[in-house]
Structures are given as C-alpha cells and as structure tokens.
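Welcome! Here is a short briefing to read alongside the sequence and the model.

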Amino acid sequence: MLQLSRKPAPRKRLFGRDRFEDEARFLRSWIERPLLTGAVAPSSKYLAQAMASYIDPRAQGPVVELGPGTGPVTDALVRCGIEQERLVLVEFNPEFAQLLKRRFPRAAIVCGDAYDVKETLAGVVSEPCSGFISSLPLFTKPVQQRMQLVSAAHELSRPGAPFVQFTYAVVPPIPARSPNYVVTASERIWRNMPPARVWVYRGR
C-alpha cells in the first residue's frame, strides 16, 4: 500500500486542463496496455454520478473502488458524501495510483491486482465493506473470473451491499441470473461517450 499523507487538500471537480491531461493519460495507457485499461478516456461526470449514487454514504464500513483510473468516480463518491478516509482505491497502474494519492490524500491507495481482491485487500480492510464500485474492463476476463470477483467482493461486504459495475456493452458484464445475488440495472447513460449502463449486484 502506498504511504498516505494526512494533509487535507481542497476538492474541486476535474475539468479544463486536468480533464484534458487525464484523457491524454488514459489514451496513452490504452495504447500501451489496452486489455488492462479498457477505455480510451475517463468516465464522464454523468456516468460517475450514476455509479456513485448506488453507494449509501450512511452505511458503515469502507467503500472499495476497483480500477479508479484518474479518479472521476472517486470524485463523485466524495461529492455524494463519502469521506475520503473511508475510500480504498485499488489501482494496477502505478502512474494512476500516484495521481490518486495526490488528488485524494486521505484515501487508502492500493497499487495491486483488483481481480485478486481478497489477497490485495488483506491487511488493508479490517471490517465489512459498505460497497464495491468497479470500472474494471471485465469483458477482457473469462466469465468465471468475473463471477469469482463479485463473489469475493460480497464476502468482504456487509449483507446486501452493492457491487457496482458499468459497461458499454448491451449485455451484463456478469451474468444477471444467479442464486447468489440479485441484479438491477440503470437506464443507458447516453451523455457518456460511448453510452454506458450501470449494473448493480447484491448478495442474497
């Protein structure tokens, strides 16, 4: 886990030069490692807000974000009332992890493998989580591995806590029918480019 700074930092919405630089970072990362990055640009504020809206700020426990990239969904979570101290951000890309550390200095930044979430969070999360929120490119992984990820997240969470995942595809990123969880989906978010949908998985 990266060393954390406790110095408070003012929050501002990502826009202008920051947004342009983030898009350049994403494009470069996608060109270099398309299967790991999965997108050519950060999530729009509309998609980020939709994803963050499924996390209840009143629920107890940490909120884990998988694949936060440059932090648009993280920013939306903070704006929805989630304290930075409750955020655990799991990012594989070291450049993105360092950027997240600067932007969210009071969050726990873990540079590691989000797909091996139990091992990655060992010693980091000590109580049941109030939710997982993911921007991972799940369709680059076999369906069995995707199902194992959501199962592991539910094991680390409070009963009924959501696993939130977006996708550009028309089909769910994790099968919608299972005896182990219930699924809901948002309307398609047309103002994101490309249009996306948010899928929410809650353990039974």
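Seven strands make up an open sheet with mixed pairing, and their order across it is 3-2-1-4-5-7-6. Strands here are DSSP runs of E with at least two residues, helices are runs of H or I with at least four residues, and both are numbered from the N terminus. This is a predicted model, in which local features need pLDDT of at least 70 and side-chain atom pairs count only at pLDDT 80 or more, while totals for chains, interfaces and linings use all residues. Residues are numbered from 1 along each chain as its sequence is written, and side-chain values use heavy atoms, with hydrogens and water left out.

- Strand 3 (108–111) and strand 6 (181–185) are the edge strands, each pairing on one side only; two strands pair if DSSP finds at least two bridges between them.
- Strand 2 (residues 87–91) runs parallel to strand 3, and four bridges link the two.
- Leu89 stands opposite Ile109 of strand 3.

**The protein as a whole**
- The protein has seven helices and seven strands, which follow one another from the N terminus as α-α-α-β-α-β-α-β-α-β-α-β-β-β.
- Of the 204 residues in the protein, 49% are buried (buried means under 20% relative accessible area, exposed over 50% and partly exposed in between, with a 1.4 Å probe and protein chains only).

**Helix 5**
- In helix 5 (residues 94–103), the buried residues are Phe96, Ala97, Leu99, Leu100 and Arg103.
- These residues lie on the same side of helix 5, because they cover an arc of only 165 degrees around the axis (the arc is that of the directions from the helix axis to the C-beta atoms).
- An α-helix has 3.6 residues a turn, so residues three or four places apart point the same way.
- Where helix 5 starts, a side-chain oxygen of Asn93 comes within 2.8 Å of the backbone nitrogen of Glu95.

**Around Arg86**
- Arg86 sits in the loop between helix 4 (72–79) and strand 2, and is buried with a relative accessible area of 15%.
- Beyond its neighbours within four places in sequence, Arg86 is in contact (heavy atoms within 4.5 Å) with several residues, including Asp56, Gln60, Val63 and Ser130.
- A polar atom of the Arg86 side chain lies 2.8 Å from the backbone oxygen of Gly61.

**Cysteines**
- The whole structure has zero disulfides (a disulfide is a pair of cysteine sulfur atoms within 2.5 Å).
- Cys80 is partly exposed at 34% relative accessible area, whereas Cys129 is buried at 0%.

How values were computed
Polar contact = N/O pair within 3.5 Å; in protein donor to acceptor, adjacent residues only side chain to side chain.
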